[in-house]
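Dear colleague,

Please find below the structure we talked about handing over. My notes on it follow.

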Amino acid sequence: MSSVFDNINIGNINCKNRILRSATWEALADEKGFMSDKQYEIYEELAKNDVGLISTGYARIMESDCPNAGMMGIYDDCFIPSYKKLTDIVHKHNGKIMMQIAYGGTKTTYKVNERTIFCPSGVPEITTGTKGKEMTIDDIKLVAKAHGEAARRVKESGFDAVQIHAGHNYLLNQFLSPYYNRRADEYGGSIENRARAVIECYDEVRKAVGKDYTVMIKITCTDFTEGGFSFDDCLTFCKMLEKKGIDCIEISGNIHGKAEKMAGYEFDGHSILKDGYFVEYGKIIADKVNVPIYVTGGFRSPEYMNKILSKTNISGFGISRPFLTEPDLVKRWILGDTKKAKCVHCSKCRTPEGNYCTVFCSK
Ligand SMILES: Cc1cc2nc3c(=O)[nH]c(=O)nc-3n(C[C@H](O)[C@H](O)[C@H](O)COP(=O)(O)O)c2cc1C
């Protein structure tokens, strides 16, 4: 029977177990995007404690884009030495580390009047009300190229993999979503057209890192919004990614802050589960697509993850908030204390002084 503590190959890398520290923005980088000492400590702690694959928080691929304060940057070669230091630390502990690269866009209220913020059409982002600049085709090509350049820097910095952030209402998710993408050109309309910008970003990334480097993507299974990116769209898109040679798809939703309360709620024919919110969606994707599928959101117990592994084709699990409470969670489980994670998924982990568990931990 497979176990969450079994190793797994993702593309060309071998991870010591099937747990991913899903990308978690710590809000601790400086204004430009350079890491703080505290962040090096956080990643070293995760690496020491046997997380199978550690993702960084999202790193901005363009200087002008910055959906949140304290994000890491990967928009210039000057970042490479600081990330070499990071990857060396993780590798010293026999860990694997991936960088998540992102163009945020209009899901922001941060310095919105000081910069140009791109979006597919002029539709304001639902939660922030921020309206961006509708992108020209040249703008789309610019963002795709910036993904490629960022991915080259990721590889040169010694990361084991790169992940494209195409979820959570950020720019690439907005292209996929008919709610945000009202374009009449070849980037809007059918799912094939809505996926075009994302695929062009993927192509630039792949071109920059070569066919043997591990490239992952994080997407939402559905937008959980009427008129948004649907689960049918998601299945079609995953098939497109499979054909393109993606190495792993991480399935998320854009609702982790409220998912506990939404347990049992049905959307696009499937339910949000209390444990592992998006398992029903991930299970179907994993049945239909021949690419490792990781599901993220709401996991706290190894016993439960093992049950999912035995009953589905899902390959692994992303965990974010529980690591803010217990960075040593995986090691604790491996050593035999398999009690579920302490984290109660209350999402009180975002603070102006950095993101940490305000319930069980001190800063
Ligand atoms: C403080 C915080 C920061 C996050 N930062 C990111 C991020 O940078 N990129 C991303 O894709 N998701 C981010 N997420 C979402 C998580 O990766 C994850 O999808 C979500 O929290 C659900 O997983 P969990 O139930 O294990 O926390 C963040 C979540 C939290 C709470």
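Where is the place of Glu 266? Glu 266 sits in strand E12. Please keep in mind throughout that this is a predicted model. With a relative accessible area of 55%, Glu 266 is exposed, since the threshold for that is over 50%. Between Glu 266 and Ser 3 there are 263 residues in sequence and 29 Å in space, taken C-alpha to C-alpha.

Strand E12 (266–267) also turns up in the surroundings of helix H9, because the buried residues of H9 pack against that strand. Helix H9 runs over residues 279–288, and its buried residues are Val 279, Tyr 281, Gly 282, Ile 285 and Ala 286. These five lie on the same side of H9, because the arc they cover around the axis is only 155°. Besides E12, they pack against helix H7 (231–244), strand E11 (248–252), strand E13 (270–271), strand E14 (293–296) and helix H10 (302–311).

Next, the helix pairs.

Two packed helices are described by the angle between their axes and the distance between the axes. Helix H7, already mentioned as a neighbour of H9, also packs with helix H6 (residues 196–209), at an angle of about 20° and with the axes 12 Å apart. H6 is therefore roughly parallel to H7, the limit for that being under 35 degrees. Their crossing is right-handed. On the H6 side the contact is made by Val 198, Ile 199, Tyr 202 and Asp 203, and on the H7 side by Phe 237, Met 240, Leu 241 and Lys 244. Sorted by class, the contact of H6 with H7 has six nonpolar and two charged residues, and no polar ones.

H3 contributes Ile 140, Lys 141, Val 143, Ala 144, Lys 145, His 147, Gly 148, Ala 151, Arg 152 and Lys 155 to the contact. From H6 come Ala 197, Glu 200, Cys 201, Glu 204, Val 205, Lys 207, Ala 208 and Val 209. Nine residues of the contact of H3 with H6 are nonpolar, two are polar and seven are charged.

Helix H1 (residues 37–48) and helix H2 (residues 80–92) make another pair, with axes 8 Å apart and an angle of about 25°. That angle makes H1 roughly parallel to H2. H1 passes H2 in a right-handed crossing. The contact involves Tyr 40, Tyr 43, Glu 44 and Ala 47 of H1, together with Ser 82, Lys 85, Leu 86, Ile 89, Val 90 and Lys 92 of H2. The class counts for the contact of H1 with H2 are six nonpolar, one polar and three charged.

Two residues in this part of the chain deserve a separate entry.

Ser 82, in helix H2, counts as buried because its relative accessibility is 14% and the cut-off is under 20%. Leaving aside neighbours within four places in sequence, Ser 82 is in contact with Phe 34 and Tyr 40.

His 93 is in the loop between H2 and strand E6 (97–102). Is His 93 buried, partly exposed or exposed? At a relative accessible area of 21%, His 93 is partly exposed.

Last, the backbone.

Most residues other than glycine have a negative phi. Lys 111 is not a glycine, yet has a positive phi of about 50°. Lys 111 lies in the loop between E6 and strand E7 (118–119), and its 30% relative accessibility makes it partly exposed. Ser 347, likewise not a glycine, has a positive phi of about 60°. Ser 347 belongs to the segment after helix H12 (329–334) and, at 27% relative accessibility, counts as partly exposed.

Regards

Conventions:
Residues are numbered from 1 along each chain as its sequence is written. This is a predicted model: local features need pLDDT of at least 70, side-chain atom pairs count only at pLDDT 80 or more; totals for chains, interfaces and linings use all residues. Side-chain values use heavy atoms; hydrogens and water are left out. Buried means under 20% relative accessible area, exposed over 50%, partly exposed in between (1.4 Å probe, protein chains only). Helices (H or I, at least four residues) and strands (E, at least two) are DSSP runs, numbered from the N terminus. The arc is that of the directions from the helix axis to the C-beta atoms. Contact means heavy atoms within 4.5 Å. Axes are lines fitted to C-alpha atoms, for helices over the stretch in contact, and angles run from 0 to 180 degrees between N-to-C directions. Angles under 35 degrees count as roughly parallel, over 145 as roughly antiparallel, 65 to 115 as roughly perpendicular and the rest as oblique. A crossing is left-handed if the near helix is turned anticlockwise from the far one by less than a right angle, and right-handed if clockwise. Ala, Val, Leu, Ile, Met, Phe, Trp, Tyr, Cys and Pro count as nonpolar, Asp, Glu, Lys and Arg as charged, and the others, Gly among them, as polar.
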